[in-house]
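Dear colleague,

Please find below the structure that I am handing over to you. I would ask you to look at it alongside the notes that come after it.

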Amino acid sequence: MKASYNWLRSLVPQLNDSPEALAARLTAAGLEVESVRRFGEGIETCELVAVKALRPHPSKSGLRLVTVDRGVQGTIEVVCGAPNVPEPGGMVVFAPLDTHLPAVNITIAPRAIGGVTSEGMLCSEVELGLSDEGQGILVFPPNFAKPGSKFVEVVPSAQDVVLEIGLTPNRADCLGHRGLAREIAALYGFPFEPPPPQAPSAMSDAAADKAVQVSIDDTERCFEYVAAVLTDVQVAPSPLWLRYRLSALGVRSISNIVDLTNLVMFEFGHPMHAFDLERVQGATIRVRRARAGETLKTLDGVERHLDEDDLVICDAAGPVALAGVMGGGHSEVANTTRRILLEVASFDPRSVRRTGRRHGLHTESSHRFERGIDHGDSSVVMATAMSMGIRLAGGAALRGTVKATGKPIAPVVVRLRSARLNAMLGIVVPFAEAKGILARLGFQLKDVDGTTVEAVVPSHRPDITREVDLIEEVIRVRGLETVPAVLPSLHASRPVGNTEALMARVRSAAVGVGLSEAVTFSFVSPRDLEIVGAPPPAVLLRNPLSENQSVMRTSLLPGLLAALGHARRHGEKDVRLFTVGRIFLKGQGEGLPREQLSFAAILAGHRGAHLSKPAPLDAWDLKGVADGFVERFAGLKPNSEAYPQEQRPAHLHPKAAVLLALGGRPLGHFGLLHPDVTDALDLGTEVLAVELDVEALAKEATTSRTYKAIPRFPGSTRDLAVVVHEDILAGHVEAAVREAAGSLAESIEVFDRFVGGSLPLDHASLALRIVYRRHDRTLTDAEVDTQHASVVETVTKRFSASLRA
Amino acid sequence: MSAQEKPPASTLPLGATPGTSPGTPAAKPSPSEALAGIEASLHALRTQYTERFAAASTEQQLRDENAKIVGKKGDLTTILKQMGAVPGDARKSIGEQVNALKAEVETAFNSALASMARAKREAELGGRPFDMTLPGRTVAPLGHRHPLSIVREDVISIFESMGFAVHDGPEVELEENNFTKLGFPPDHPATDMQDSFWTTGGHLLRTHTSNVQSRALSSRKPPMAFIAPGAVYRRDDDVTHSPMFHQLEAFAVDEGLTLAHLKGVLAEFAERLYGPGTPIRLRPSYFPFVEPGAEVDVGCVFCKRPDGTRAGCNLCKHTGWIEILGCGMIHPVVLEACGIDSEKYTGFALGMGIERIAILRYDIPDIRLFFENDPRFLNQF
């Protein structure tokens with residue numbers, strides 16, 4: 001809502017605060033002033049001057065040299081390119097040297113144009129900041145003012161201060177200057193006495209109710225419809241004061257009649273409409289629901305297909321306006337219009353809102369009706385419109401108005417208890433003070449007893465329905481700074497659900513294995529889910545912003561891979577990312593989906609190297625990350641096993657697709673992404689990925705860690721190097737060693753593997769280090785030798801392995 | 001020890017009596033000659049050992065020299081072997097002389113050894129410093145939490161220490177919990193502030209974490225104090241709005257909770273998050289589910305002067321205040337819709353955008369940076 005400071009001051013003459021001080025006061029009361037802007041700023045030095053002579057520019061075509069009379073300052077010749085410089089006698093606005101025009105950011109300086117020096121400029125409304133469009137300079141008739149007069153002294157409406165107020169949706173009463181003035185008066189404690197409307201200066205003998213008929217079919221949605229008729233009007237441009245007032249408020253001047261409806265709306269916050277009565281068939285107004293198949297071409301030229309839920313204004317032939325939203329093009333006021341039908345009505349906010357949204361229309365009118373207009377001010381609004389209409393467009397008003405009513409709106413009465421007021425705020429508010437605030441806001445009060453009052457809610461505050469609304473009014477006007485800060489003693493609650501705690505644990509474990517956290521969108525493209533072999537989406541959006549964000553993810557991978565793609569496009573090749581978040585799986589029946597906390601990480605690029613050539617990451621880097629993550633999170637080492645070919649997730653590479661399990665329970669998988677996947681997503685690099693079900697992981701995590709005694713007796717280390725066929729997996733050799741070494745083997749570690757060299761084809765050398773130890777005594781060499789010999793025998797026999805020296 | 005490092009066989013110092021090396025057959029000297037010879041040898045040794053130690057340039061040479069004097073086959077042993085020829089009454093004196101010399105040599109040896117070690121240490125200490133401008137070596141690259149998570153965990157811990165506990169809630173929600181129970185009137189402009197994503201199943205993505213309020217209030221009896229952090233969704237996408245973002249809501253319901261208590265919690269929160277003395281300011285505002293409702297500003301953290309006043313800057317639009325959250329007393333309509341006696345119980349609620357707090361804390365110009373997950377962004381936190 002844009003508000004004119006000058007207008008507000010005319011309604012609250014006692015107001016002496018500067019615009020800035022007023023803005024601060026309004027903001028403190030919940031009407032947030034977002035900006036304070038000067039209209040017609042910097043034009044104080046501009047003068048009204050009379051054109052004395054005109055001649056063409058000696059060298060530049062299209063330019064003219066204009067001699068103007070500045071009164072006591074004499075005459076001056078300036079260069080002007082405007083096509084509409086008036087004949088001698090006509091008056092124009094002259095900006096002398098050093099004038100700064102903020103609207104176009106120009107400071108007037110002597111300027112040589114084609115050999116002629118111009119010391120000043122003839123101004124357009126755009127240059128003066130009075131309009132954002134228009135061609136040519138501003139022109140006034142001869143003798144409009146004494147030459148050399150200051151423009152803003154002759155046309156004071158060219159300057160104003162505009163407050164841009166970000167109104168909350170409950171404060172429809174402040175969508176007009178009267179409502180704002182009432183609020184300001186209440187905040188400052190000034191009386192609010194707006195002038196009553198004047199009677200129209202010219203009244204016809206004919207009665208309005210003989211000229212038009214009004215009826216309401218849908219009394220649930222139209223509470224009141226008031227019509228009046230102006231006759232013999234002259235549709236013409238508006239006077240300057242009106243044009244500039246509307247321009248200051250951001251509205252383009254159209255014609256005196258259209259401007260009239262806007263002016264009245266900006267005064268009362270109550271939208272109104274003007275029809276060309278000659279084009280209202282049968283001079284009949286009927287408010288009803290649209291019928292199936294009806295259409296209406298609205299003022300914006302769009303042919304609207306009406307819905308049976310739309311409330312429309314009809315004439316004898318059919319719809320002529322979308323009630324409260326926009327008028328129809330056919331009955332629009334034109335330059336030739338002589339008879340006007342004025343409408344001031346009250347419509348159901350919800351109906352207006354639905355119609356507006358259905359047709360994609362949000363207008364100054366629908367904005368106000370949706371929020372709730374004053375349903376008790378139609379007679380004052382109409383009286384003001386009629387007298388102002390005659391003032392602006394001449395003609396006469398037909399006698400009286402024509403009014404139809406729908407469902408009556410009962411006055412709302414709300415009780416306020418002093419004790420409740422104090423209990424809600426935590427302070428003691430003198431009850432007399434509270435009542436004074438409500439009275440200033442327009443509530444009629446009746447004492448029930450010394451500590452309770454009944455407040456009749458004024459018709460301009462449809463948002464007030466309960467006691468707590470009154471409490472808010474009191475503290476809003478009194479000031480929230482009057483409430484002290486007091487720490488409560490809260491009854492500590494116990495957590496409900498553990499998602500947040502699990503996420504924090506995941507982050508800590510993942511960061512500990514060198515991963516950085518990504519936060520990715522929960523909605524993804526269905527295609528990306530398919531590419532990574534995720535379950536089909538269980539939650540589809542009805543109104544996504546784009547196809548790429550149209551389903552809720554069933555895997556975290558698409559988000560991470562998108563981050564990888566972004567990083568690589570920006571030249572970042574080494575990426576180690578994880579994310580923790582929910583995936584959305586099918587729930588039970590038609591109910592809400594199952595939101596499962598998941599973890600995923602990707603690695604791409606190179607392993608960190610120190611002062612040497614970095615090597616590309618491989619599957620064992622990923623295994624280290626996956627195992628390390630699980631161990632840090634769960635306190636237990638996971639088991640990992642290659643997927644059997646037929647169970648392998650399709651998005652993983654057949655050579656490196658690993659099932660990760662803990663306590664026999666599968667937690668997820670990791671591996672190299674299938675090259676088809678990286679190609680489909682255009683990633684251009686190998687990607688290693690791990691995906692885990694965090695909830696399953698948490699269930700398997702150890703809940704009790706107990707200390708294990710540190711060995712006090714020395715261990716004996718034996719190395720075993722064997723050559724085995726490459727089909728034999730190191731893990732199997734390790735398992736055989738573990739089995740043969742029995743409980744004496746404290747640890748078994750594969751510490752070397754190589755192929756090639758002098759080894760037979762398809763064979764690999766594996767070296768294992770076994771530490772033998774007892775916790776109750778020192779082992780003898782003989783004991784260790786015996787045990788190790790059986791290990792060697794088992795391994796060589798079972799795997800047809802040969803020992804390496 | 002290798003063969004080369006073995007101490008060489010003892011050699012008598014220059015001036016010692018020749019022909020007394022062990023195993024060298026010689027004529028047996030007279031007792032007085034023997035005594036004189038031993039004394040001469042002792043004297044010679046006493047005058048020489050210092051030089052012999054000083055001549056050693058390595059620790060090994062020093063040790064070798066020491067062994068040549070006091071070792072099993074050293075000079076002193078050689079001298080003692082001649083004791084047999086010394087008259088009985090002189091033996092005691094010679095023995096004392098030998099022991100004294102042995103102690104002298106040992107002291108000198110230890111001191112020479114110590115000074116040699118010290119010289120070596122000094123030389124090592126005085127060597128060329130390492131180039132510590134070379135990059136540090138890390139076992140694994142350092143991982144980073146996302147700035148949104150850092151802020152989220154910080155804020156949660158502040159509220160947890162005030163007695164609030166985390167309450168989970170779903171992101172795909174029923175309209176009832178997201179809007180209806182919170183007092184959003186149907187077809188009301190208030191829902192414009194929260195343009196929703198709807199699912200084909202008739203649910204919606206929660207537009208705020210207040211859905212958790214509906215759920216908690218509907219499922220348990222007061223008193224309660226909860227926080228609900230998490231992702232929320234609105235149909236906005238520009239420099240300042242992301243269609244998915246994060247909120248954190250705190251709410252408490254009990255008998256006797258007041259607006260003053262809400263302010264107390266807010267003031268405590270502001271000081272814990274932004275430092276002691278950080279002022280707060282409440283401006284009345286409107287949210288359908290609270291009344292009275294307010295927006296909360298904190299004293300601008302960017303243009304704060306040492307004396308606690310604010311200079312004004314672009315971030316606070318020269319007001320000295322920065323808006324960080326919305327709050328209010330829980331609307332009785334909400335309590336009633338959730339089956340709680342609104343006369344007996346009151347409550348307050350506050351909610352903030354985690355992105356907003358992070359944007360202010362880290363001076364991040366564009367909300368989209370949070371979701372691009374560029375490593376160069378993440379590595380800064």
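The following notes describe salt bridges in this structure.

This is a predicted model, in which local features need pLDDT of at least 70 and side-chain atom pairs count only at pLDDT 80 or more, while totals for chains, interfaces and linings use all residues. Residues are numbered from 1 along each chain as its sequence is written, chains are lettered from A and ligands numbered from 1 in the order in which they are written, and side-chain values use heavy atoms, with hydrogens and water left out.

A salt bridge is a side-chain nitrogen of Lys or Arg within 4 Å of a carboxyl oxygen of Asp or Glu. By this rule, there are 75 salt bridges over all chains.

One of them joins A:Glu267 to A:Arg178, with 2.8 Å between the closest N and O atoms. Because A:Glu267 lies in helix α8 (residues 256-268) and A:Arg178 in helix α5 (residues 177-188), the pair ties together parts that are 89 residues apart in sequence. Helices here are DSSP runs (H or I, at least four residues), as are strands (E, at least two), numbered from the N terminus. Both A:Glu267 and A:Arg178 are buried, that is, under 20% relative accessible area, where exposed means over 50% and partly exposed in between (1.4 Å probe, protein chains only).

A:Glu454 and A:Arg415 also meet in a salt bridge, at 3.4 Å from N to O. A:Glu454 belongs to strand β30 (residues 452-456) and A:Arg415 to strand β28 (residues 413-417), so this pair links parts 39 residues apart in sequence. A:Glu454 is partly exposed at 21% relative accessibility, and A:Arg415 is partly exposed at 46%.

Yours sincerely
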